[in-house]
Amino acid sequence: MKRGLVYFLVAVLALFCLVVVRAQSDLRDLELRDEIDADGDNSTVASCESKTKCDECTDDKSCIWCESKTDLGCKAGSWLGPDEDRFTGCKDWRWKQCHFNGRWLFFGAIGAAIGLVLLCCFFLFICYCFASYRRRDRIYRRQKTFEQEEMERTLLETRTSKTPKNDARRAEIYAKYGTPEERAAKKRGETSVFSL
């Protein structure tokens, strides 16, 4: 159980590192674009703004299609959104597709990843509880079996009956009429082994 939890935590850490590395590479690309733009070579922005259709714009990974009423057209951007005015700029953008708002896809993917991690944690918690219950049940059964064996040993040693009144009555009947084996032997005309 502990080994599975360690593997899960390593997988989550690896996924987190992958996302961080990807975000850093995108930020480096953005910084390089800003440096190029500062030098006067505005080729990325110019190439994005020259595209007039969503399909053409989203084929280029350095461009996003803006669907806002005020900002309709192709702009420079990445999977994080537009390069300029990332939080206050285009609110309805598309990256590498033309159907869904990129902001909601981005936050939806983060929410789904968090939900998946929480679901896995819940599943691991349930597995841990079940394993703990089985371990306690196994210990309880072993202890109960030991107690039952001890009780049987004690009963055999003391030779006490569970029904002493019935045993006393049975002994009286056997003394008066004989045991069932003795009576069967008398009927056959044999002498009892016990009477010798």
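Reader: How many bridges join β2 to strand β3?
Author: Two bridges join them, and the strands run antiparallel. β3 covers residues 81–82. Strands here are DSSP runs of E with at least two residues, helices are runs of H or I with at least four, and both are numbered from the N terminus. Two strands count as paired if DSSP finds at least two bridges between them.

Reader: Ok, and what am I looking at, what kind of model is it?
Author: This is a predicted model, where local features need pLDDT of at least 70 and side-chain atom pairs count only at pLDDT 80 or more, while totals for chains, interfaces and linings use all residues. Residues are numbered from 1 along each chain as its sequence is written, and side-chain values use heavy atoms, with hydrogens and water left out.

Reader: Back to the strands. Which residue of β3 does G77 stand opposite?
Author: G77 stands opposite P82. A hairpin joins β2 to β3 through two residues.

Reader: What about β1, how does that pair with β2, parallel or antiparallel?
Author: Antiparallel, over five bridges, with β1 covering residues 63–67. Those two strands form a hairpin as well, with four residues between them.

Reader: Is β2 mostly covered or mostly open?
Author: Mostly covered: β2 spans residues 72–78, and five of its seven residues are buried. Buried means under 20% relative accessible area, exposed means over 50%, and partly exposed is in between, using a 1.4 Å probe and protein chains only.

Reader: Which residues make up the largest nonpolar core?
Author: There are seven: C48, C54, C57, C63, W65, C74 and A76. The elements giving two or more residues to this core are α3 (54–59), β1 and β2. A nonpolar core here is a set of buried Ala, Val, Leu, Ile, Met, Phe, Trp, Tyr and Cys residues joined through side-chain atoms within 4.5 Å.

Reader: I see cysteines in that list. How many disulfides does the count come to?
Author: Three, taking a disulfide as a pair of cysteine sulfur atoms within 2.5 Å. In general, a disulfide is a covalent bond between the sulfur atoms of two cysteines.

Reader: Which cysteine does C48 pair with?
Author: C48 pairs with C63, and their sulfur atoms are 1.9 Å apart. The link is left-handed, with -85 degrees about the S-S bond. It connects distant parts of the chain, 15 residues apart: C48 is in helix α2 (residues 43–49) and C63 in strand β1. C48 counts as buried because its relative accessibility is 0%, and C63 is buried too, with a relative accessible area of 0%.

Reader: And what's the partner of C54?
Author: C54 forms a disulfide with C98, sulfur atoms 2.0 Å apart. This link is left-handed, at -115 degrees about the S-S bond. C54 lies in helix α3 and C98 in the loop between β4 (93–94) and α4, so the pair ties together parts that are 44 residues apart in sequence.

Reader: What about C98, buried or partly exposed?
Author: C98 counts as partly exposed because its relative accessibility is 21%. C54 is buried, with a relative accessible area of 13%.

Reader: Which one is left?
Author: C57 to C74, with S to S at 2.0 Å. The torsion about this S-S bond is about 80 degrees, so the disulfide is right-handed. C57 lies in helix α3 and C74 in strand β2, so this pair ties together parts 17 residues apart in sequence. Both C57 and C74 are buried.

Reader: What's up with C121 then, how far away is the nearest cysteine sulfur?
Author: C121 is in no disulfide, and the nearest cysteine sulfur, that of C120, is 7.1 Å away. C121 is partly exposed, with a relative accessible area of 37%. C129 is also in no disulfide, and there the nearest cysteine sulfur, that of C127, is 9.4 Å away.

Reader: New topic: what volume does the largest pocket have?
Author: About 350 Å³. The elements that give two or more residues to its lining are α1 (2–38) and α4 (102–158). The largest share, seven residues, comes from α4. A pocket is an open set of points on a 1 Å grid over the protein atoms alone, where a 1.4 Å probe fits, with protein on both sides within 12 Å along at least five of seven lines, and lining residues have an atom within 4 Å of a point. The volume is the space filled by probe spheres set on the points, which are joined across faces, edges and corners.

Reader: How many nonpolar residues are in the lining?
Author: Twelve, with no polar and no charged residues. Among them are F16, W79 and F106.

Note on methods:
Ala, Val, Leu, Ile, Met, Phe, Trp, Tyr, Cys and Pro count as nonpolar, Asp, Glu, Lys and Arg as charged, and the others, Gly among them, as polar.
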